[in-house]
Amino acid sequence: MFEKIRNLIFQDLAIDLGTSNSLVYAKGKGIVIREPSVVAINQKTGQILAIGEEARKMVGKTPSHIVATRPLRSGVISDFEATEQMLRYFIEKARTRKFILSPRPRVIIGIPCGVTEVEKKAVCDAAKSAGASEVFLIEEPMASAIGARLPVQEAGGILVVDIGGGTAEVAVISLGGIVLSKSLRVAGDRLNQDIIQFAEREYKLLIGERTAETIKIAVGSVYPLKERKKVPMRGRNLVTGLPEEILVSDEEIRRALERSVRQIVSEIKEAIEETPPELLADIMARGIHLSGGGSLLRGLEVLIQKETKIPTKIVEDPMTAVVRGAGMVLESLNELRDVLLETEYLEPPR
Ligand SMILES: Nc1ncnc2c1ncn2[C@@H]1O[C@H](COP(=O)(O)OP(=O)(O)OP(=O)(O)O)[C@@H](O)[C@H]1O
Ligand SMILES: [Mg+2]
């Protein structure tokens, strides 16, 4: 009863502040916001014009002094002010009851493993100045394991791999804690860059990030497809300066992505090599769990399974696993508090 009243008044939130996409879970409600992590800024005045979906729509369709930026790179804040504004926008949007005196929400935010103290503090500070009363941090692989309903608090190894836009994170979890983790700054964004470089190298074609991403999602793969696919790739010819359209095959794209895909697989293998044998036995029984949008690259789970010899599967609804997990912690803060990161010491001295 008390909880219900508290929920009505406080509206605590869980936020997956991703490099590519941000999601917000409101306590007692579920996912209420799902938008790209994009901020449109007027470079002449420094003014923020739009955030999220609206900002993304503006990309490329605005005068040149308006730029759409992504305030997070590799999962960490690269533009503090834009991140703070984006958080403020999400927190405001998620609060449906806007009484003048409505108290500020408590917020759980997912962050990559292995970020520095300075980076953690930046996230906490941004959330506080964006209107949060209290900020808790959770490591993304932990959140995604909880979101996938894996028994993180048991004594037994769980291996999760979260491949987002900015980072590919591997973590071994046991007894509610992360036993070992690796964070590689090679993920979806890097695959897009690989396609951009391929277009430039092979066809002298300059293409944008969104074009590269569309091609990746349309034909990107790790193994030959059942049916060969070709897609148009539009850009500007670097020699003539004129627009051009070229048809690229899935095979060409596969080759372009190969190196980065290998790096991700090696990272997983290294983590497995470092895992204590007892935990490894559990992992072999439970399998490897993939989450994040990057895990949707065709055939990736098959390659990981083949290379590691451990059964591998993509969790249900992989792009919402982190926010759902953080949301579950929010719903049962008392029982699950242990999985959160210690943030007390990040507080400024009073
Ligand atoms: N079907 C697909 N095939 C391949 N890649 C995909 C697919 N769908 C989405 N992606 C990629 O997934 C990435 C976004 O995933 P996600 O939303 O999990 O990242 P994020 O949480 O914002 O990033 P991070 O966790 O690194 O901060 C993008 O790079 C996108 O191109
Ligand atoms: Mg993510």
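A polar contact here is a pair of N or O atoms within 3.5 Å; within protein, one of the two must be able to donate a hydrogen and the other to accept it, and residues adjacent in sequence count only if both atoms are side-chain atoms. The model is a predicted one, with local features needing pLDDT of at least 70 and side-chain atom pairs counting only at pLDDT 80 or more, while totals for chains, interfaces and linings use all residues. Residues are numbered from 1 along each chain as its sequence is written, chains are lettered from A and ligands numbered from 1 in the order in which they are written, and side-chain values use heavy atoms, with hydrogens and water left out.

Staying with the ligand, Asn 21 also puts a polar side-chain atom 2.7 Å from an oxygen atom of ligand 1. On its own, ligand 1 has 660 Å² of accessible area, and the protein covers 92% of that (areas by the Shrake-Rupley method with a 1.4 Å probe; for residues, only the protein chains shown count as cover). There are 22 residues around ligand 1, and those that come nearest are Thr 19, Ser 20, Asn 21, Glu 213 and Lys 216; a residue is taken as near if one of its heavy atoms lies within 4 Å.

Stepping back, the protein is split into domain 1 (2–143 + 321–344), domain 2 (157–186 + 262–314) and domain 3 (188–257), with bounds from an automatic or database domain assignment. The C-alpha centres of domains 1 and 2 are 26 Å apart. Across that pair, 16 residues of domain 1 are in contact with 15 residues of domain 2, contact meaning heavy atoms within 4.5 Å.

Next come the sheets. Helices (H or I, at least four residues) and strands (E, at least two) are DSSP runs numbered from the N terminus, and two strands pair if DSSP finds at least two bridges between them. One open sheet has 5 strands in the order E3-E2-E1-E9-E10, with mixed pairing. Its edges are E3 and strand E10 (134–139), each pairing on one side only. From one strand to the next the twist averages 20°, using axes that are lines fitted to C-alpha atoms (for helices, over the stretch in contact) and angles from 0 to 180 degrees between N-to-C directions. Helix H11 (residues 321–331) packs on this sheet, touching E1, E2, E3, E9 and E10, and its direction makes about 155° with that of E1.

Within the sheet, strand E1 (residues 13–17) runs parallel to strand E9 (residues 106–111) over 4 bridges, with Ala 14 opposite Ile 108. Strands E2 (residues 21–26) and E3 (residues 30–36) are antiparallel and share 6 bridges; here Ser 22 faces Glu 35. E2 and E3 make a hairpin with 3 residues between them, and Gly 28 in the turn has a positive phi of about 80°.

Another open sheet has 3 strands, ordered E14-E15-E16 with antiparallel pairing. Strand E14 (205–206) and strand E16 (243–249) are the edges, each pairing on one side only. Strand E15 (residues 230–237) is tied to E16 by 7 bridges, with Pro 232 opposite Leu 247 and Gly 235 partnered by Glu 244. The E15–E16 hairpin has 5 residues between its strands, with Gly 241 in the turn at a positive phi of about 80°. Helix H6 (residues 188–203) lies across E14, E15 and E16, running at about 105° to E16.
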